[in-house]
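Some notes on the model follow, point by point. Please read them beside the coordinates.

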Amino acid sequence: MSKYDIIVLGSGPGGYVTAIRASQLGFKTAIVEKENLGGVCLNWGCIPTKALLKSAQVFEYLKHAEDYGLKVKDAEHDFDAVVNRSRGVADGMSKGVQFLMKKNKIDVIEGYGKIKPGKKVDVDGTEYSADHIIIATGARSRELPSLPQDGEKVIGYRQAMTLEKQPKKMIVVGSGAIGVEFAYFYNSMGTEVTIVEYLPNIVPVEDEEVSKQLERSFKKNGIKIKTSAEVTSVDTSGKGVKATVKTKKGEEVLEADIILSAVGIKTNIENIGLEDVGIVVDRDKILVNDFYQTNIPGYYAIGDITPGQALAHVASAEGILCVEKIAGHHVEPIDYGNIPGCTYCTPEIASVGLTEKAAKEKGFDIKVGKFPFSASGKASAGGNKEGFVKVIFDAKYGEWLGCHMIGAGVTDMIAEAVLGRKLETTGHEVLKAVHPHPTMSEAVMEAVAAAYDEVIHI
């Protein structure tokens with residue numbers, strides 16, 4: 001039986017990052033993967049979707065070339081080529097992880113892994129042992145009883161990335177990050193898209209003003225949106241698919257070629273040996289302490305299978321903290337109130353901290369500042385005037401409670417707010433930090449100025 005210091009089960013952005021950090025710390029490390037190195041994120045999620053969205057964005061630019069004083073005749077898209085480019089980007093990233101495994105002398109064990117008592121892992125009949133076993137098996141598309149996925153007419157995100165033929169009509173059920181990103185992509189490619197969202201606003205975890213702005217932008221581009229709506233049944237017996245949708249006005253039947261179910265995720269915790277080992281699970285999540293230890297010594301869990309936010313950067317941070325704690329380093333628990341969230345449709349969305357509504361509910365006396373990109377010179381020059389930056393501060397102490405952005409490139413801007421909040425920056429400190437002009441990022445400073453009644457450009 002092969003013996004390791006650490007075995008990691010799963011090679012997504014949580015697992016492979018954990019394995020690399022473990023190796024850097026001197027641990028003899030192995031990683032178990034049943035499919036492709038990089039997991040869902042690199043192969044079927046974060047990375048290939050961004051490739052699709054970039055193709056859509058470029059196509060949008062071509063269609064609006066005259067807005068920039070340019071002439072492009074008969075711009076067309078090749079759906080197969082767009083999909084193939086996305087797959088090529090994903091393959092390249094997966095190969096990059098293979099290189100990192102070799103560079104860091106990590107043994108890659110291919111196959112389906114299950115944990116066993118006594119700090120052991122069984123991979124397709126072969127047993128391995130380790131002093132520490134870290135579970136990082138991630139999640140998959142969640143299925144609703146009223147919306148069973150058949151992989152053809154009712155699909156999840158994986159099939160949505162590799163369709164052989166572009167649908168003429170698509171219904172997207174759910175308007176979280178996955179739903180709105182695919183809605184934007186297919187709409188840009190020319191598909192007629194309808195979003196069905198159960199809650200009153202699309203992107204419901206975002207600040208309400210951000211949700212309303214995205215709804216306006218999407219509707220302007222021809223995306224139909226039904227909020228406070230629920231798909232109660234689907235009929236796939238005909239050529240396409242019919243969805244019965246219940247709204248406040250009653251029931252209606254929507255017809256499409258395909259329904260994309262984007263109603264959240266289901267953790268991959270079945271059939272991996274949790275019951276055999278005795279690891280406690282609650283509501284589809286493995287329970288862990290601040291350092292990702294389960295209730296059974298020697299077994300740990302990170303990423304989507306734990307109660308924190310199901311985001312790639314969260315999984316990576318959790319894995320690093322987990323192995324540093326094992327190594328005896330002094331580490332601080334992750335502040336889950338300071339995790340940035342990003343959505344990569346157009347316009348992009350990025351946020352961190354409390355929404356205005358949440359800040360008020362917590363009893364804060366707040367200062368709110370908002371700066372529209374329509375007043376930004378860089379945004380005007382780039383033809384990206386949609387959206388805004390919104391900041392929320394505690395009026396008493398100046399604490400930066402939240403930052404919410406919607407517009408071009410905001411996913412690259414949100415880190416300023418994350419770092420500022422980590423360093424306990426006050427509103428006045430942000431305001432007096434000189435921001436470069438002309439940039440999109442100076443909108444952060446302008447929004448802070450608006451909160452403190454010192455704004456110049458609006």
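1. Two strands count as paired if DSSP finds at least two bridges between them; helices (H or I, at least four residues) and strands (E, at least two) are DSSP runs, numbered from the N terminus. This is a predicted model, in which local features need pLDDT of at least 70 and side-chain atom pairs count only at pLDDT 80 or more, while totals for chains, interfaces and linings use all residues. Residues are numbered from 1 along each chain as its sequence is written, and side-chain values use heavy atoms, leaving out hydrogens and water.

2. An open sheet is formed by five parallel strands in the order 8-15-9-10-11. Strand 8 (154-155) and strand 11 (224-226) are at the edges with a single partner strand each, so one side of each has no neighbour in the sheet. Strand 8 is joined to strand 15 (residues 258-261) by two bridges, and Ile-155 is opposite Leu-260 of strand 15.

3. Helix 1 (residues 15-24) has eight of its 10 residues buried (under 20% relative accessible area, 1.4 Å probe, protein chains only). Gly-26, with a positive phi near 95°, follows helix 1.

4. Aromatic pairs (ring centres within 6.5 Å; planes under 30 degrees apart are stacked, over 60 edge-to-face, the rest tilted) number seven. One of them, Phe-79 with Tyr-186, is tilted, at 6.1 Å between centres and 40° between planes. Phe-79 belongs to helix 4 and Tyr-186 to helix 6, so this pair ties together parts 107 residues apart in sequence. Both Phe-79 and Tyr-186 are buried.

How values were computed. Buried means under 20% relative accessible area, exposed over 50%, partly exposed in between (1.4 Å probe, protein chains only). Rings of Phe, Tyr and Trp (its six-membered ring) pair if their centres lie within 6.5 Å; planes under 30 degrees apart count as stacked, over 60 as edge-to-face and the rest as tilted.
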